[in-house]
Amino acid sequence: METLPTSIRYVRSEESPTMAPPVSTGGVGGWLKENLFASTRDTILTIVTALFLLWIIPPIIDWAFISAVWTGDSREACLGPGTGACWAFVEAKFGQFIYGRYPIEERWRVNLSGLLLIAGLVPIAIPSVPYKRENALYLLVVFPILAFILLTGQFGLEPVETALWGGLLVTLVVAIVGIVVSFPLGILLALGRRSEMPIVKMFSVIFIEFWRGVPLITVLFMSSVMLPLFLPDGVTFDKLLRALIGVALFSSAYMAEVIRGGLQAIPKGQYEAANAMALTFWQGTRLVIMPQALKLVIPGIVNTFIGLFKDTSLVLIIGLFDLLGIVQQNMNDQNWISPATPATGFVFAAFVFFIFCFGMSRYSAYMERRLDTGHKR
Amino acid sequence: MAHQTGVSADADDAGRVSLMNDPKARGLVFQALLIIAVIFLVYSGVSNAIDNLARAGIASGLGFFGERAGFDIGQSFIPYTNDSTYLRAFFVGLLNTMVVAIIGIFLATVIGFIVGLARLSKNYLVQKFATVYVETLRNIPLLLQLLFWYKAVLSILPSPRAVGLEPGVEVVFNLNNRGLYMPRIVPEGGAQFILFAFIIAVVAWFFIGRWAKKRQMATGQQFPVFLTGLALVIALPLLTFLVTGMPMSLEYASLQGFNMVGGWVIQPEFMALLLGLSLYTASFIAEIVRAGILAVSHGQSEAAFALGLRPNLTSRLVVVPQAMRVIIPPLTSQFLNLTKNSSLAVAIGYPDLVSIFGGTVLNQTGQAVEVISITMLVYLTLSLLTSAFMNWFNSSVALVER
């Protein structure tokens with residue numbers, strides 16, 4: 001400083017005024033300052049986001065709750081100007097959305113299958129429940145057989161053809177069959193891809209890369225249009241089965257890649273140890289490698305299942321009525337056609353899909369945290 | 001866990017292994033059996049197909065490509081009428097798929113990066129909003145989202161008349177149930193010079209960048225490359241535009257009778273597909289970006305700060321290059337997913353490859369085997385090309401290890 005005052009001596013003669021208390025860093029004010037208005041840029045961001053939310057949220061709440069129509073038995077209820085969601089439509093069609101055209105007096109069979117599924121899923125999802133091996137066996141072998149008997153109607157039960165199935169039932173059937181079939185196939189393909197036998201490896205790589213390189217919709221077209229041509233004359237599959245074949249082949253390629261990731265994560269020493277114990281390839285795989293590899297990829301398997309679950313909606317393009325398909329079909333019902341119906345139906349279907357997928361993704365994240373012990377650097 | 005007892009019977013017969021238990025011999029036999037099984041499957045499939053096709057009287061081969069298509073396509077980037085051949089229809093579809101995929105990839109990447117960064121923001125509101133966006137969109141099937149945009153949002157927009165358009169009056173910008181109308185740029189004689197000027201500016205930007213980097217390496221002096229480049233890219237075409245006597249005009253849309261005429265229109269199908277694809281894929285890209293940035297160790301940015309780099313230089317020079325190595329491989333698979341998912345266009349009537357070729361052409365010719373195989377091959381090729389390109393890009397940013 002060049003311009004120093006002539007006298008720098010200063011003696012305070014009176015008390016200085018008390019300063020304001022420091023800006024709070026705790027409490028509501030402090031939280032707001034730290035999290036919303038920390039800097040000029042933050043303040044601008046906060047204001048822009050808040051304005052955006054104010055612009056979209058009130059109309060959504062108004063549409064979904066305040067001006068929504070909750071009761072009514074035809075389109076008349078939802079036609080008025082300014083009406084929001086037509087929940088009466090969902091209420092009236094709820095049975096169809098869940099069961100499709102499954103005969104009403106036989107719907108207990110669907111419910112029973114659902115209960116059997118839950119009875120197997122809940123204990124396998126809770127890590128501390130014992131008997132995981134038996135449980136997995138139940139889910140992968142016993143349950144599919146029981147559900148097949150119940151749903152199609154064998155052993156004296158009234159047969160229900162698959163053309164009558166629909167709604168959430170078809171969505172779950174396609175997703176579960178896809179995962180149950182793709183699991184063993186995926187294991188075989190993953191092993192094949194890591195095999196030392198060149199031809200086995202080549203076939204596995206071609207199979208996996210082919211299905212992963214094409215969109216599911218072309219796979220479904222293939223299985224519904226092209227597959228019947230390759231079968232001997234007189235052999236026919238029903239539409240649902242053809243879709244299931246396509247979905248199963250498609251998802252087993254994805255499953256194979258997930259499992260391969262798990263196999264690659266197993267240290268070489270484990271393979272060598274299995275060999276040193278004189279275990280054969282299959283014994284070593286079954287008793288040493290797979291239990292470790294599969295445990296590692298549980299999150300990956302759940303994520304594949306979420307993807308598959310969402311992809312089941314594609315079957316509507318080849319004329320099956322899954323949840324989305326049946327919602328879309330009912331939108332065109334003369335009795336319910338109104339400007340509010342499509343949005344209502346889609347929002348309902350989106351909500352159902354969201355519940356399933358979000359729940360599964362939370363579970364996958366939970367497993368990831370649980371399994372992620374001792375690997376953190 | 002089962003206890004393992006019993007070793008194979010030949011184990012004590014040391015040194016000499018029977019052919020049964022020789023891994024090499026068993027491998028050969030097994031592979032031979034596999035080949036035979038595959039050949040048998042393919043052979044029986046093909047012979048069944050030949051029988052079935054002959055019985056149904058369906059021609060085979062690719063001869064149909066030269067025939068007249070006889071149907072119209074709503075959106076085409078190359079000249080096409082219903083007199084064109086199936087081959088041309090195929091290319092129209094392929095081009096439409098590629099256009100929507102490329103624009104979709106661009107939009108999804110931009111939105112995804114913004115949302116991914118927003119999820120890491122310290123701003124509570126921004127961060128929560130980004131989280132809700134990601135969790136909602138990625139847990140709802142894409143097909144449902146596409147149908148929602150198309151049927152529940154864009155289709156119930158008011159008609160041109162209801163929007164308040166007067167017949168014959170030109171509008172600059174209008175959204176109605178026919179699409180989004182914008183002015184179209186009509187080039188006149190000499191307009192190509194503007195394009196040349198633009199290309200020259202971009203090339204110049206590139207070389208200035210190289211020169212500036214070289215000079216900085218040698219002398220330590222910096223040069224404002226970005227601002228210079230931006231100025232060049234804007235000024236040079238603008239100057240050419242003025243010098244050549246403004247050889248461009250704008251054509252506006254207007255309502256003529258019941259139809260909209262003129263202007264540049266983005267059709268509702270295209271808009272719905274693009275909106276659905278990019279918003280859905282962006283939610284996945286956001287998670288990839290977030291994970292990539294979190295994967296860069298905190299010590300890296302601390303080291304950069306210790307060297308005196310400012311925050312934006314830290315992220316540009318230290319954090320982002322390292323995060324990119326984590327981000328690019330999963331990003332590639334998202335690009336591939338988007339390209340494959342563009343085939344859902346068939347559900348909302350956007351004329352993409354599957355919709356034109358796997359839909360209309362298949363129905364008209366009945367040649368399911370050829371049509372579906374070609375469609376699958378195209379997607380396979382696109383997938384392989386994209387992943388080859390991304391692998392090349394990945395190796396160019398990969399960590400050079402000793």
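Below, a student asks about a predicted model with chains A and B.

Me: Why is B:Leu125 called buried?
Reply: A residue is buried if 20 or more other C-beta atoms lie within 10 Å of its own. B:Leu125 has 20 C-beta neighbours inside 10 Å, so B:Leu125 counts as buried.

Me: Where does B:Leu125 lie, and what does B:Leu125 touch?
Reply: B:Leu125 is part of helix α3 (residues 124–138) of chain B. Not counting residues up to four places away in sequence, B:Leu125 touches A:Leu36, A:Thr46, A:Thr49 and A:Ala50.

Me: What makes the side of chain B that touches chain A, and how many residues are in contact?
Reply: Two residues are in contact if their C-beta atoms lie within 7 Å. By that rule 49 residues of chain B are in contact with 49 residues of chain A. Helices of chain B that each supply at least two residues to this side include α1 (23–56), α3 and α10 (311–341). With twelve residues, α1(B) gives the most to the side of chain B that touches chain A. The residues of that side divide into 31 nonpolar, 13 polar and five charged.

Me: How do you know that chain B is more spread out than a compact globule?
Reply: For 402 residues the globule rule gives 21 Å, and the radius of gyration of chain B is 29 Å, well over that value, so chain B is more spread out than a compact globule. The C-alpha atoms of chain B fill a box of roughly 95 × 75 × 45 Å along the principal axes. Buried residues make up 29% of the 402 residues in chain B.

Me: What makes the largest nonpolar core, and which residues have the most contacts inside it?
Reply: A nonpolar core joins buried residues of listed nonpolar types through C-beta atoms within 7 Å. The largest one has 149 residues, and A:Leu169, B:Leu146 and B:Leu273 have the most contacts inside it. Helix α6 (residues 167–193) of chain A gives the most to this core, with 16 residues. A second, separate core has five residues, among them B:Leu165, B:Val171, B:Tyr181 and B:Leu255.

Me: Which residues is B:Leu146 in contact with?
Reply: Leaving aside neighbours within four places in sequence, the contacts of B:Leu146 are B:Ala272, B:Leu273, B:Gly276, B:Leu344, B:Ala347 and B:Ile348.

Me: How do you know that the side chains alternate along strand β6 of chain B?
Reply: In β6(B), residues 253–256, B:Ala253 and B:Leu255 point to one face and are buried.

Me: What makes β6(B) a partner of β1 and of β7 in chain B?
Reply: Two strands pair if there are at least two bridges between them. Strand β1 (residues 170–171) and β6(B) have two bridges and pair in the antiparallel sense.

Me: Where does UniProt place the feature "transmembrane region" in chain B?
Reply: The unreviewed UniProt entry lists residues 28–46, 89–118, 190–211, 223–250, 270–289 and 371–393 of chain B. In the model, residues 270–289 are 100% helix and 0% strand, with end C-alpha atoms 27 Å apart. Residues 223–250 of chain B are 68% helix and 11% strand, with end C-alpha atoms 38 Å apart.

How values were computed:
Residues numbered from 1 in each chain as written. Chains lettered and ligands numbered in written order. Predicted model: local features only at pLDDT ≥ 70, side-chain atom pairs only at ≥ 80, totals over all residues. UniProt positions renumbered as here; feature names shortened; annotations may be inferred. Helix = DSSP H or I, 4+ residues; strand = E, 2+ residues; numbered from the N terminus. Buried ≥ 20, exposed ≤ 12 C-beta atoms within 10 Å, placed from the backbone. Nonpolar A, V, L, I, M, F, W, Y, C, P; charged D, E, K, R; others polar. Rg over C-alpha atoms; globule rule 2.2 N^0.38 Å.
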